[in-house]
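Biologist: I'd like to learn how to read a few features of a model. Please start with the terms.

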Amino acid sequence: MRDLNNRMYSLISETIQKGILPNQKVEGNLAYTVDPVYGIIRNRVNAECVKTLIRINGLRGSEYTDHIEKLLNWLLDKQNSDGSWNEVHVNYNHPSALITSIVGEALVDGYLLLKNERLKMAAFQARDFVLENQISPGYFKKSSVYTGDHLNVDATCGAFLAKFGKMFSDSECLDAAKTAAEHICKCQFSDGAFPYTNEKKGNYQYCLNIPCIHYQGVTLYYLLKIIDSLDNGWLDHEFEKGIKWLASVQFPDGKFDWSRSGLMFAY
C-alpha cells in the first residue's frame with residue numbers, strides 16, 4: 001500500500017508540475033488555468049485544480065498556498081449575483097447548480113485552509129443557489145441548458161450540501177444531501193448500475209435511462225463524499241452494489257469494456 005501511495009503521489013505531483021502550473025496564468029492576485037485545446041477558461045477546471053492543490057499542499061514539503069489564494073480569488077470574481085457560477089463550454093456559458101456545487105466545495109476547502117471570510121460568504125451564496133435549484137426532493141437542475149434529472153448531478157450537489165452542512169452545522173443542507181442520496185439509490189438498477197438520467201428527461205429528446213461507465217464512477221465518487229459527511233452506514237449496501245457493477249465491466253488489465261456503456265461520447 002505504501003508503494004502504491006508513493007506512486008500515486010508522484011503521478012499527482014507530476015501532473016501539477018507539468019500539466020496544471022504550465023497552463024496557469026497569473027495576473028496580480030488572480031490566477032486561472034486556460035484550456036490548452038479550446039483556449040477557454042472553465043470555472044470547473046479551476047475549482048478542481050485548486051482542490052487538488054489544497055489536498056496536496058504541505059505534503060513532502062510542497063507549498064502551493066500562493067497559487068491556492070490566487071485561484072480562489074479568481075473564482076470569487078466569477079461568482080454571479082445570484083450566487084452561482086457558469087458552466088463554461090465551447091458552445092454555451094450558463095449558470096449551473098452542478099458547477100456551483102463543485103466551486104462551492106473548493107470554497108469550503110479554501111476557507112478551512114485560509115480562514116478568509118470572503119470564501120465563507122461566497123460559499124453561503126452558493127449553498128442558497130443550489131438549494132433553490134432543487135426541482136423535487138433529490139433532483140437538482142444541472143443548468144438552463146440541460147434540465148433532465150442527471151443522477152451524477154444530484155450526487156455532486158448532494159456532496160457539496162453535505163460538506164457545507166457538516167462544516168456549518170446546517171441541518172437543511174444535511175437533510176437535502178440525505179434526500180439526494182436516497183433519490184439516487186431509488187433509481188439504481190438491480191445489477192448496481194446507475195442510469196445517466198432517470199425518466200425525467202427534461203429538455204432532452206429522449207430520456208437517457210441507461211448505464212454509463214464514466215458516470216458510474218462520478219456518481220459513486222460523490223456518493224462517497226455524502227456518506228463521509230453524513231457519517232452513517234445506511235448507503236453502504238447500494239454503494240457496494242455500484243462498485244461491483246463497475247468492477248464487472250473492467251478487464252483484468254485494468255481497462256474498461258466501453259461497449260457496456262450506454263452513452264456514445266463515453267467511447
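Modeller: Buried means under 20% relative accessible area, exposed over 50%, and partly exposed in between (1.4 Å probe, protein chains only). Ser-169 has 67% relative accessibility, so Ser-169 counts as exposed. This is a predicted model: local features need pLDDT of at least 70, side-chain atom pairs count only at pLDDT 80 or more, and totals for chains, interfaces and linings use all residues. Residues are numbered from 1 along each chain as its sequence is written, and side-chain values use heavy atoms, with hydrogens and water left out.

Biologist: Where is Ser-169 found?

Modeller: Ser-169 sits in the loop between helix 6 (151-168) and helix 7 (171-186). Helices are DSSP runs (H or I, at least four residues), numbered from the N terminus. Phi of Ser-169 is near 50 degrees, a positive value in a residue other than glycine.

Biologist: What is the phi of Lys-115?

Modeller: Lys-115 is not a glycine, yet has a positive phi of about 55 degrees. Lys-115 lies in the loop between helix 4 and helix 5 (117-132). With 52% relative accessibility, Lys-115 counts as exposed.

Biologist: At what angle do helix 2 and helix 4 pack?

Modeller: Axes are lines fitted to C-alpha atoms, for helices over the stretch in contact, and angles run from 0 to 180 degrees between N-to-C directions. Angles under 35 degrees count as roughly parallel, over 145 as roughly antiparallel, 65 to 115 as roughly perpendicular and the rest as oblique. Helix 2 (residues 43-56) and helix 4 (residues 97-114) pack at about 30 degrees, with axes 9 Å apart. Helix 2 and helix 4 are therefore roughly parallel.

Note on methods: Helices (H or I, at least four residues) and strands (E, at least two) are DSSP runs, numbered from the N terminus.
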